[in-house]
Amino acid sequence: MASRFVLIENIRDSRPGKMSEAVEEEVLLPRHIKYAKRIMGVLPTETQGLDTSRMTILFFGVSGLDVLDGLSEVSCQDKADMVDWIYAQQILPNKSHSNLYQCGFRGGSFIGAPYQPTSSQNEVNISYNTSHIAMTYTALASLLVLGDDLSRVNREGVLAGVRHLQQKDGSFCSTAEGTENDMRFVYCACCVCYMLNDWKGMDVVKAAEFIKTSQSYDHGIAQGPLLESHGGSTFCAIASLSLMGRLDSTFSPAELERLKKWCIRRQQTGFNGRPNKPVDTCYSFWVGASLKLLGIGSLVDSAWNRRYILSTQCSITGGFSKWPECHPDPLHTYLGLCGLSLNGEKGVCPIHAALNISQRAADWLKTLHTNT
Ligand SMILES: [Zn+2]
């Protein structure tokens, strides 16, 4: 324990200025609520490349609003329309079940499928009509945030689609054809299985083994074996094991201790994702959540963490950027808010660190699991 405190002292000593000189900034909650509502409706032209990932943008908006306790500002009709739009992106099994490996959720309507939010069987045969595991995760998460009971989710199709994406080494691809496989998609697969309360979507032993072999020589965790450790992949790995209930059985106490040290060393003024890289708002979540799941969230210097996140807050439009003086974007806005939540910020709701949704939405999921 003593060495950790010495480490934090050293970081403090190396920082410019003193906390007493800092101007106490406030989190501009109403502006961020406006920003979250805006990205749910429209994005600037330069973001058109995100059209295939609209499900994720919706998640950042709707879950961001939830973390800001602002969902009451969305009408019941708009919430119902959003739930219908999400279900309209579900790829359902056909009669012969020959497309099970493609089932799950698309990122949007870009493929040209007809709008069918209530259909129970998708008979439309469209080329390249395949799910994406990150879209399936954010679709289910957004449905929970919106209070849906997941009753229209085709569990057989979703779980078969996820299972098809697991590779021999235990990792996951993102889609059925021609994509990379790494820790990001292992995390998405774990979230999907956890939310559906059914682990038939993966071989958990193989997935845990993939995570263990991805711990790098410096004790952080990489996107895969023999790659560079990174704050994002470290979160994905720790959260996956936490959702599986295998964190303590996968890593030895000594390995976990070294992993904790790698994570706490990411805190500079804010958090960075790798040694010698600049700090960035999103790592207040990626690394902050990792520390919380490892049971040492209290070692975060919350004053410095808050100060950095607020330096990336846009006082004109709302939202957060990765660095000060940059344009805000949906991802850094959502993860900045989650970082503030982990920091205990007043007015920002508590989150479930492993699922990356509000604790309220996670409690709703627990109710669903209890009642089914
Ligand atoms: Zn970032």
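The largest nonpolar core of this predicted model comprises 104 residues, and I86, Y137, F172, M195, M202 and M244 touch the most other members. Helix 7, which spans residues 183–196, gives the most to this core, with 12 residues. When residues up to four places away in sequence are not counted, M244 touches C190, W199, M202, V204, A207, A208 and I211.

A search of the whole structure finds nine aromatic pairs. One of them joins F59 and Y137; the angle between the ring planes is 50°, so this pair is classed as tilted, with the centres 6.1 Å apart. F59 lies in helix 3 (residues 54–67) and Y137 in helix 5 (residues 133–145), so that the pair links distant parts of the chain, 78 residues apart. F59 is buried because its relative accessible area, 2%, is under 20%. Y137 likewise counts as buried, at 6% relative accessibility.

An edge-to-face pair is formed by Y187 and F235. This pair also links distant parts of the chain, 48 residues apart, with Y187 in helix 7 and F235 in helix 9 (residues 231–244). Y187 is buried, with a relative accessible area of 4%, and F235 is buried at 0%.

The geometry of the two pairs is set out below.

| Aromatic pair | Centre to centre | Angle between planes |
|---|---|---|
| F59 and Y137 | 6.1 Å | 50° |
| Y187 and F235 | 5.2 Å | 65° |

The charged end of R266 is placed over the ring of W262, 4.7 Å from its centre, and that of K322 over the ring of W323, 4.5 Å from its centre.

Technical notes
Residues numbered from 1 in each chain as written. Predicted model: local features only at pLDDT ≥ 70, side-chain atom pairs only at ≥ 80, totals over all residues. Heavy atoms only, no water. Core = buried A, V, L, I, M, F, W, Y, C linked by side-chain atoms within 4.5 Å. Buried < 20%, exposed > 50% of the residue type's maximum accessible area, 1.4 Å probe, protein only. Helix = DSSP H or I, 4+ residues; strand = E, 2+ residues; numbered from the N terminus. Contact = heavy atoms within 4.5 Å. Phe/Tyr/Trp six-rings, centres within 6.5 Å; stacked < 30°, edge-to-face > 60°. Lys NZ or Arg CZ within 6 Å of the ring centre and 35° of its normal.
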